[in-house]
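Please open the model in your viewer and keep the selection panel at hand. This tour moves from one selection to the next.

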Amino acid sequence: MDVYGLIGNPVDHSLSPPMHEAGYERLGVDARYVTFEPPKGEGAAAVESATRLGVAGLNVTIPFKQDVLAAVEPDALATRIGAVNTVDFSTDPPTGYNTDATGLVRAFEHHDVSPAGQAVVVGAGGAGRAATVGLATEGMTVAVANRTVDKAESLAATLRTSQADGPMDVQGYGLDMLADLVPDADVLVNATSVGMEEDRSPVPPGALHGDLTVLDAVYTPLETRLLRDARDAGARTIDGAWMLLYQGVEAFERWTGQDAPVGAMNEALRTRL
Ligand code: ATR
């Protein structure tokens with residue numbers, strides 16, 4: 001039996017175990033998916049311990065996504081993002097991936113939205129970095145807007161001057177620029193925590209429009225104020241469970257080498273949300 005899991009702190013309410021185990025069950029994979037809660041600052045040590053214990057794969061969540069870089073060989077995308085959310089122990093050293101970025105792109109593709117043209121990413125924290133790099137890697141022009149403007153500007157500057165795979169077309173802004181940026185955008189991603197368990201949106205509703213696709217990474221609640229405003233403006237909407245699903249699907253496929261049973265994993269997730 002293979003053991004997969006998640007390290008995070010806290011991990012109590014994670015939906016990854018039922019999502020992954022629904023996939024194993026559907027494909028007849030002999031595996032379990034469990035959660036581990038190492039103390040803060042022990043992410044790299046936890047990965048090293050998991051290597052010795054013969055764990056087959058780990059997902060990584062807050063606050064360990066940067067820490068584990070010290071214990072893995074990150075691929076080009078994870079290096080560029082500066083964070084790892086998936087570790088594959090079939091290599092030595094283990095390989096670190098960032099399926100938040102690739103999962104976001106697959107969530108768009110699932111809805112027949114090709115990531116092309118102009119994107120606005122709201123938020124320059126961990127999720128914002130992954131979204132920005134994921135969309136820019138697809139060739140999109142990305143405007144990243146953040147409450148703390150310096151963070152957006154320095155992320156954009158780093159990606160513009162990066163030599164790996166060529167510079168990316170990314171600019172940084174404050175949230176006050178959203179009213180100007182969103183009317184020209186094809187795709188909008190909320191990668192802040194605004195809207196989580198509160199009825200607030202980070203985007204002025206008047207800027208939303210019918211040619212836009214809006215993905216909100218927040219999934220509690222599934223229907224956020226931003227998504228309601230977007231629907232009212234005639235935009236296409238994608239809720240946060242799709243990003244959660246596809247980061248898991250990408251990890252599942254890296255680990256098992258098989259196409260993930262997306263429908264079964266999605267059902268397991270949505271029945272719990
Ligand atoms: P995650 O890994 O989930 O992205 P994070 O790295 O802590 O978490 O980033 C949280 C993001 O939400 C940041 O972009 C943060 O903005 P700051 O960089 O200015 O802190 C954003 N955020 C959190 N609360 C916010 C609020 N009330 N209004 C606007 N942005 C907010």
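Before selecting anything, note that a salt bridge here is a side-chain nitrogen of Lys or Arg within 4 Å of a carboxyl oxygen of Asp or Glu. This is a predicted model, in which local features need pLDDT of at least 70 and side-chain atom pairs count only at pLDDT 80 or more, while totals for chains, interfaces and linings use all residues. Residues are numbered from 1 along each chain as its sequence is written, and side-chain values use heavy atoms, with hydrogens and water left out.

First, colour domain 1 (2-97 + 243-272) and domain 2 (101-238), into which the protein chain is divided; these bounds come from an automatic or database domain assignment. Taken over C-alpha atoms, the centres of domain 1 and domain 2 are 24 Å apart.

Next, look at where they meet: 13 residues of domain 1 are in contact with 22 residues of domain 2, contact meaning heavy atoms within 4.5 Å. About 1,600 Å² is buried between domain 1 and domain 2, and carbon and sulfur atoms give 64% of this area, where buried area is the accessible area (1.4 Å probe) that two parts lose on being put together, summed over both. Select Arg80, Met243 and Tyr246, which supply 50% of the area that domain 1 buries against domain 2, more than any other three residues.

How many salt bridges are there between domain 1 and domain 2? The count is two. Now select Arg106 and Glu253, whose side chains meet in a salt bridge with an N to O distance of 2.9 Å.

Finally, move to the ligand, which 15 residues surround, each having a heavy atom within 4 Å of it. The closest are Ala127, Asn146, Arg147, Thr148 and Lys151. Zoom in on Lys151, where an N or O atom of the side chain is 2.6 Å from an oxygen atom of the ligand.

Conventions: A polar contact is a pair of N or O atoms within 3.5 Å; within protein, one must be able to donate a hydrogen and the other to accept it, and residues adjacent in sequence count only if both atoms are side-chain atoms.
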